[in-house]
Amino acid sequence: MDDQTALAEDAPVCASPLRRRLWLALGYAAVGLGIAGTVLPLLPTTPFLLLAAGAFAKSSPALRDRLYRDPRFGPLLRDWQSEGAIPRKAKAAALIGMSVSWAILALTASRPLVPILAGTCMAAVAVYIVTRPSPSRPAPQDAASDGTAVEDANVSALRNEA
């Protein structure tokens, strides 16, 4: 990792082999749930990956670093660690997922109290998500979406070839 994405040392690795194995098992289980969350719309991904990163910090810093270097999950984790930031696309996905979940629950619940309580909890989580800042650095797809960044890169490449 370069200096911009260097990780802070969160916690020392457990000295006890049993505790280290338990933290390691929790980390692997959380990664598994996080991966399942990428294909299951109602299961969150990021909270499980944050849990995995914390568990790996106490059991295997190499695995934690590997998780932070992952091209798919690493930027989300680094943004959260450095700024407490959530990208706009992740916010939108979370809000849509919670809305769909609540709608399904409201349509299938036999008692009206269940969707009311679940909706209250989901609303509190939604407020928390919406109030988190967006990352200060633009995401790679955001930078290329206006076309100027791609065009500038093409011009630079042509100048380098000439």
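What you're looking at is a predicted model. The protein has eight helices and zero strands, so in sequence order the pattern simply reads α-α-α-α-α-α-α-α. Of its 162 residues, 25% are buried. Among contacts with a separation of 6 or more, 61% join residues 24 or more positions apart.

**Helix α2**

- Helix α2 covers residues 46–59.

**How α2 meets α3**

- Helix α3 takes in residues 61–69, and it packs against α2 at an angle of about 150°, with the two axes 6 Å apart.
- Angles over 145 degrees count as roughly antiparallel, so that's the label for α2 and α3.
- On the α2 side, the contact uses Leu-49, Ala-52, Ala-53, Phe-56, Ala-57 and Ser-59.
- On the α3 side, you'll find Pro-61, Leu-63, Arg-64, Leu-67 and Tyr-68.
- Sorted by class, this contact has nine nonpolar residues, one polar and one charged.

**How α3 meets α4**

- The axes of α3 and α4 are 6 Å apart, and the helices pack at an angle of about 105°.
- Since angles of 65 to 115 degrees count as roughly perpendicular, α3 is roughly perpendicular to α4.
- From α3, the contact draws on Leu-67, Tyr-68 and Arg-69, while α4 brings Gly-74, Leu-77, Arg-78 and Gln-81.

**The largest nonpolar core**

- Twelve residues make up the largest nonpolar core: Leu-24, Ala-30, Val-31, Leu-49, Ala-52, Ala-53, Phe-56, Leu-63, Leu-67, Tyr-68, Phe-73 and Leu-77.
- The elements giving two or more residues to this core are α1 (residues 17–39), α2 and α3.
- The biggest giver is α2, with four residues.

**A residue to look up: Leu-67**

- Leu-67 belongs to the largest nonpolar core, and it also takes part in the contact of α2 with α3 and the contact of α3 with α4.
- Leaving aside residues up to four places away in sequence, Leu-67 touches Val-31, Leu-49, Ala-52, Ala-53, Phe-56, Phe-73, Gly-74 and Leu-77.

Note on methods. Residues are numbered from 1 along each chain as its sequence is written. This is a predicted model: local features need pLDDT of at least 70, side-chain atom pairs count only at pLDDT 80 or more; totals for chains, interfaces and linings use all residues. Side-chain values use heavy atoms; hydrogens and water are left out. Axes are lines fitted to C-alpha atoms, for helices over the stretch in contact, and angles run from 0 to 180 degrees between N-to-C directions. Angles under 35 degrees count as roughly parallel, over 145 as roughly antiparallel, 65 to 115 as roughly perpendicular and the rest as oblique. Contact means heavy atoms within 4.5 Å. Ala, Val, Leu, Ile, Met, Phe, Trp, Tyr, Cys and Pro count as nonpolar, Asp, Glu, Lys and Arg as charged, and the others, Gly among them, as polar. A nonpolar core is a set of buried Ala, Val, Leu, Ile, Met, Phe, Trp, Tyr and Cys residues joined through side-chain atoms within 4.5 Å. Buried means under 20% relative accessible area, exposed over 50%, partly exposed in between (1.4 Å probe, protein chains only).
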